[in-house]
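Here is a friendly walk through one protein model, meant to be read with the structure open beside you.

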Amino acid sequence: TCQYFFLVQKVFWVKNMNTTNNLFLLICLLFIGTIYALSEDENLDLDYNTTNSNCGGNCPSGRCYTCPCGTRKEPVSISSWCKKYSGWRQSSCECIAKHESGGNAHAINQNSGGSYDVGLWQVNSGNWASCNGGKAPCDPNSNLECAKKVFSWGGHTWKYWSTCSKCGVCHSN
């Protein structure tokens, strides 16, 4: 790296430019050189438009930068979890959870804006602070509590779930 620094200094130092411009040029070149050197590391993925992991199958899209619910699947009975709340229609809940997570309590999806959906009901990270103290609701109990809150915020309907139209339940319970 020191050799690279001196090479940059000799090749690109422009005598007619003021000190600020030379310093800016040098910083830019060092930054580019650092990125290049880091990209040569075969263990480093600098392509931020793709992801590193499918989180052990919890992120089926393979587009998750982190694994907030870990890398171990946790299959659970959708029916038995939906029965734990009587405020929604059982068949609607089962359809939503089936399409959202397939019954994997550790299911993860990273959205295009960077937010995450996790758990049986794929609760969005924008809601975690309001329903789970800011932590990802990965266990079925906390995910259920969050889902109940989101359900109530939607007027006791499924309108805040992207799969509601697949189930035909966007404006019903």
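The protein has seven helices and three strands, where helices (H or I, at least four residues) and strands (E, at least two) are DSSP runs numbered from the N terminus. Read from the N terminus, the order of elements is α-α-α-α-β-β-β-α-α-α. Please keep in mind that this is a predicted model, in which local features need pLDDT of at least 70 and side-chain atom pairs count only at pLDDT 80 or more, while totals for chains, interfaces and linings use all residues. Residues are numbered from 1 along each chain as its sequence is written, and side-chain values use heavy atoms, with hydrogens and water left out.

Of the 173 residues, 35% count as buried; buried means under 20% relative accessible area, exposed over 50%, and partly exposed in between (1.4 Å probe, protein chains only). The protein exposes about 10,400 Å², with carbon and sulfur atoms supplying 54% of it; these areas come from the Shrake-Rupley method with a 1.4 Å probe, and for residues only the protein chains shown count as cover. Contact here means heavy atoms within 4.5 Å. Among contacts between residues at least 6 apart in sequence, 42% join residues at least 24 apart.

**The cores**

A nonpolar core is a set of buried Ala, Val, Leu, Ile, Met, Phe, Trp, Tyr and Cys residues joined through side-chain atoms within 4.5 Å. The largest one holds 21 residues, and those touching the most other members are Trp 88, Ile 96, Trp 121, Trp 158 and Trp 161. At least two residues of this core come from each of H3 (78-82), H4 (90-101), H6 (140-153) and H7 (164-167). H6 gives the largest share, four residues. There is also a second, separate core of 12 residues, including Cys 59, Cys 69, Ile 108 and Val 123.

Which residues does Trp 88 touch, not counting those up to four places away in sequence? They are Cys 82, Cys 93, Trp 121, Leu 144, Ala 147, Lys 148, Phe 151, Trp 158 and Asn 173.

**Helix H4**

The 12 residues of H4 should span 16 Å at 1.5 Å a residue, and its end C-alpha atoms are 16 Å apart, which agrees; the expected span is 1.5 Å times one less than the number of residues. Its buried residues are Ser 92, Cys 93, Ile 96, Ala 97, Glu 100 and Ser 101. Seen down the axis of H4, the buried residues fall within an arc of 120 degrees, so they line one face of the helix; the arc is that of the directions from the helix axis to the C-beta atoms. These buried residues pack against H3 and H7. Just after H4, Gly 102 takes a positive phi of about 65 degrees.

**Two residues up close**

Asn 109 lies in strand E1 (residues 108-110), while Thr 157 lies in the loop between H6 and H7.

| Residue | Relative accessibility | Contacts |
|---|---|---|
| Asn 109 | 22%, partly exposed | Ser 61, Cys 64, Ser 115, Tyr 116, Asp 117, Gln 122 |

The side chain of Asn 109 makes a polar contact with the side chain of Asn 111 (3.0 Å). A polar contact is a pair of N or O atoms within 3.5 Å; within protein, one must be able to donate a hydrogen and the other to accept it, and residues adjacent in sequence count only if both atoms are side-chain atoms. For Thr 157, a polar atom of the side chain lies 2.6 Å from the backbone oxygen of Gly 154.
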